[in-house]
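Visitor: Hi! Could you walk me through this structure?
Guide: Happy to, here it is.

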Amino acid sequence: MAAAAPEAADEVAPSATLSVYKAARCIKRRASTLYNALRSVAEDAAFVAEVAALWPSLPLVANLRCGLWYAPPRAFAATCYFKSTDGHAGNWSFSTARLNLHLALLAGERGGCIIVDSTRRGKRFPDSMSKTIPIWCSVLNRAIERHRLQAIHKSAEVNYQSSTLLNGDAENNSDLSNWDSSVHLPVWVLGTEKNAIEGRIDEWTDQFESCGADIHSLAVGLQKPLRPLWISQRTRIWLNEVPELESWDFTPIILISASDAVATQRMSSEFSWHYIPGAGDDEESWARGLTPTLFWKHSYDLIDAGPDRCNQIVADIVEKDRVYRAQRGEHCPQITCKSLRSLAGAKCNDDQTTEMCAMNLDHCTSTMDAHCSNNGLLLFWIGTSNLAVSSTFHVAGALVGVDCILNCDSTSKLPASSSENSYLELSIVGSKDDRFSLMRNLPKAVDFAKRNLMAGRKILVCCQNGEDISICVALAILALLFDDNGCFDYGNYFVKRDVTKLEMRRRLVFICKFAVNARPSRGNLKQVYGFLSSQKELLSCLT
């Protein structure tokens, strides 16, 4: 009998371990409630406002999408898109698909800018701020330095010194010797990692120069090199010693990590709540259909409601907004709910909260992101190509000057009265849902565009958020029907040139110059490249 006791204990141990794991998950779920997330965002937003007030002349910029939560929409002058994955150790990269050149021009015009983001990883700064943005600053600085040196050499060759090299600004070259194009990384980045990054700056600069970006405009707009500065809730700033912008010999890119790095239990005069670092991140998992715009519109009511009433108030706000937009023709499916999973057969939601499962939460989020990130612009015209891109969220107010619509939104149907020649609806979904959805529909899209461009009509290409699918469709149209100067040539240029990723990258940069909110996904870009390659093969077979 004594020998059987260890065996019995071994049989019980796995069950005990499993129950402890479930209990830990339940405790974490209770701490990560909607009220705790919104209260944490509000606390961090107060810190962001304090820092922004130190340099009131600098524009506030949200790094999508997390950064949008940490200030009211009206406080942001622009948005940007820097991914942490581009700064992960051993995976550093400079993305020509996310150049953010509008941010550099804005910083040059206003003397700098302030970028807001946060992270949940227990670090003071996300990798997008620690490495991605410093790499971006260094690459742009080095490209500008090369551009100015080339201008000086060309001027010396033709012995033409009477006029300036960059639109009348001779000082740009007189200070070239002081132009800092080195990599400035925070002190917590290891020396080995810093050396590895520095060793690749020239390679990334070559890629930047070859992608067709307008470096001349950057050289004209930036009088001082870009340089990142880091501020977190643990940074000490003496208010009587805040430096003036004019005192810096660089254009400051001030990076605010909005959140504290440690989760803590906090008290107010009425409620006890759990602080969540980086609460604005991964909003699909906690926001229940709430968007930054809706949050800031009702922020006082939500914070004052407390933990017990917060969920119901959010549900009411989201439903009222859904009805409001549905009445204006937008596809807004009703949000359904399901109970939280039980722990060992018992309910673990002591406050009877529910976990909302949105049938189309990505759509609600992406359309509102488009509304926040466009900063009042309803659509973006791509040069003189007669092509424009927009979100279906903005189509109703953006039809001035538009002759026909290419609707790539799989959920919105508009407008119902349009004729067959002026309206084409394609149900294209993202690459995560269907790896070949875009490629299957591109022939119809290009054919529709070609017919209307030949007739001299102006085309609006729209999708849910105006940032991904519509950009990729416009990219395919430009690559197939336009020359490298952005002029419609019926596809003659495409016949003569090979399809390369470099050529595609140059076309994308051309689009991003005008559609500053463009964020095409890698999966969709691959489909565009595959479509163009197949079209080239088809032409080769015919000839």
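Visitor: How are α12 and α13 set to each other: parallel, perpendicular or oblique?
Guide: They are oblique to each other, as angles under 35 degrees count as roughly parallel, over 145 as roughly antiparallel, 65 to 115 as roughly perpendicular and the rest as oblique. Helix α12 covers residues 437–454 and helix α13 residues 469–481, and they pack at about 60 degrees with axes 10 Å apart. Helices here are DSSP runs (H or I) of at least four residues and strands are runs (E) of at least two, numbered from the N terminus. Keep in mind that this is a predicted model, where local features need pLDDT of at least 70 and side-chain atom pairs count only at pLDDT 80 or more, while totals for chains, interfaces and linings use all residues. Residues are numbered from 1 along each chain as its sequence is written, and side-chain values use heavy atoms, leaving out hydrogens and water.

Visitor: Which residues of α12 and α13 meet?
Guide: From α12 there are L438, L442, A445, V446, A449, K450 and L453, and they meet I469, C472, V473, A476, I477, L480 and L481 of α13. Contact means heavy atoms within 4.5 Å.

Visitor: Is A445 buried or exposed, then?
Guide: A445 is buried, with a relative accessible area of 0%; buried means under 20%, exposed over 50% and partly exposed in between, using a 1.4 Å probe and protein chains only. Leaving aside residues up to four places away in sequence, A445 touches L406, L424, L426, V473 and I477.

Visitor: New topic: how many aromatic pairs are there?
Guide: The structure holds 14. Rings of Phe, Tyr and Trp (its six-membered ring) pair if their centres lie within 6.5 Å; planes under 30 degrees apart count as stacked, over 60 as edge-to-face and the rest as tilted. One of the pairs is Y35 with F271, which is edge-to-face at 6.0 Å centre to centre and 70 degrees between the planes. Y35 sits in helix α2 and F271 in the loop between β6 and β7, 236 residues apart. Y35 and F271 are both buried.

Visitor: And what about W69 and W286, why is that pair tilted?
Guide: Their planes are at 45 degrees, so the pair is tilted, and the ring centres are 4.9 Å apart. W69 is in the loop between β1 and β2 and W286 in the loop between β7 and α9, so the pair ties together parts 217 residues apart in sequence.

Visitor: Which residues do ring pairs link into a cluster?
Guide: W69, W286, F295 and W296.

Notes:
Axes are lines fitted to C-alpha atoms, for helices over the stretch in contact, and angles run from 0 to 180 degrees between N-to-C directions.
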